[in-house]
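Here's a quick briefing on some helix packing. Have a look at the model first, then read on.

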Amino acid sequence: MTPATIKDVAREAGVSISVVSYVLNDTPGRSISEPTRSRVKEAAQALDYIPNSMARAMRSRASRTLGLISFWTDHAQNVFVEVLGGVVRTANDNGYNAMVFQPRNFGDEYAYIDAFRRRYMDGLVALLSFDAVGNKLFTERHLPMIRKLRIPTVILNNCGKFDDIPCLPFDYYGSAYLAVQTAAQRGHTRIGYLFDGNETSEVYIMSERWRGYCDGLADAGLSVVHDWVYDSRDPMELIVHIRHGAAPTALVAQKSLVAHEVMRAFAHNGLRIPEDISLVACNFEIFSSYLIPRLTLTMHPLRALGEAASCMLINQLNAGVPNYTPLEVSPQALHIQLLEGESLKRIAG
């Protein structure tokens, strides 16, 4: 069956093609009576008419589609999926669609440029990587193109400053700070730190979490004890400290992966969490909830961040539209969350 056209709708409703276009596109400034509007909409529904979105985009110079470009690597796809969920939900709630681009993993690295030039999308949410390689790829090869073409953009997870582009940062400092404060509130005064000695590409994240750890201790009236700072590559040092009563009562892990590695080493050496030492990690991984015991951890509100970025981009796209009411960015997007598990016990004062 041949799909219905705008001419078919006009004939069925007894109006001109332009009137059908005004009604279905809700064109501002056009005085169309309510009976005529109803007749056009009923005709379109009866004929199962689907507007040609590409033709509409060419006429209006707006596709009502947001792009999401991710520079994260494959092993961090849960972050991408959560952010994508937030972007898509807010886009759909406000009459937009979403397109996805992943230049580090597959496809044409500059596909989003072609999409913007062809008016297949109106603007871009750029999810930057946690590592130096991904950030260099963005700042050296993509940012100049975004600026040159003036693509409306919102950046997520910026490790630098872009004065001309709105940004929503990931609060790595706050994730470690909250972890320390949570342990202190549970009565712990001997709080150590566990870092990933294998990681060389996460310099910014490592430094921010270390700073959050140190400030969290200071604000709890505690001090950094360097003997309680452990490299996850050598869990035996920590195990020996526990067996000799020289270890902290709680550990803040730089990320869930290193917490998992230490938990495995403890299991092989007959140690238990949280009975022998408590543990709180600074990020969420899909496996975190399946560990035994379940990890207590701090986490970024990734879906809320995606929603906030989508709101900011839609506001940017509609800045010059008369009577447009800007979408509100949820304060939740800016606050680290605590996910309770079973790995952090309370100590009686």
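The buried residues of helix 3 are T36, R37, V40, A43 and A44, where buried means under 20% relative accessible area with a 1.4 Å probe and protein chains only. Seen down the helix 3 axis, these buried residues fall within an arc of 130°, so they line one face of the helix; the arc is that of the directions from the helix axis to the C-beta atoms.

This is a predicted model, so to speak in its terms: local features need pLDDT of at least 70, side-chain atom pairs count only at pLDDT 80 or more, and totals for chains, interfaces and linings use all residues. Residues are numbered from 1 along each chain as its sequence is written, and side-chain values use heavy atoms, with hydrogens and water left out.

**Helix 3**
- Helices here are DSSP runs (H or I, at least four residues), numbered from the N terminus.
- The buried residues of helix 3 pack against helix 1 (6-13) and helix 2 (17-24), with contact meaning heavy atoms within 4.5 Å.
- Turned away from that buried side are the exposed (over 50%) residues E34, P35, E42, Q45 and A46.
- After helix 3 comes D48, with a positive phi near 55°.

**Helices 10 and 11**
- Helix 10 (residues 235-243) packs on helix 11 (residues 256-268) at about 55°, their axes 10 Å apart; axes are lines fitted to C-alpha atoms over the stretch in contact, and angles run from 0 to 180 degrees between N-to-C directions.
- That makes helix 10 oblique to helix 11, as angles under 35 degrees count as roughly parallel, over 145 as roughly antiparallel, 65 to 115 as roughly perpendicular and the rest as oblique.
- P235, L238, I239 and I242 of helix 10 meet V262, A265 and F266 of helix 11.

Technical notes: Helices (H or I, at least four residues) and strands (E, at least two) are DSSP runs, numbered from the N terminus.
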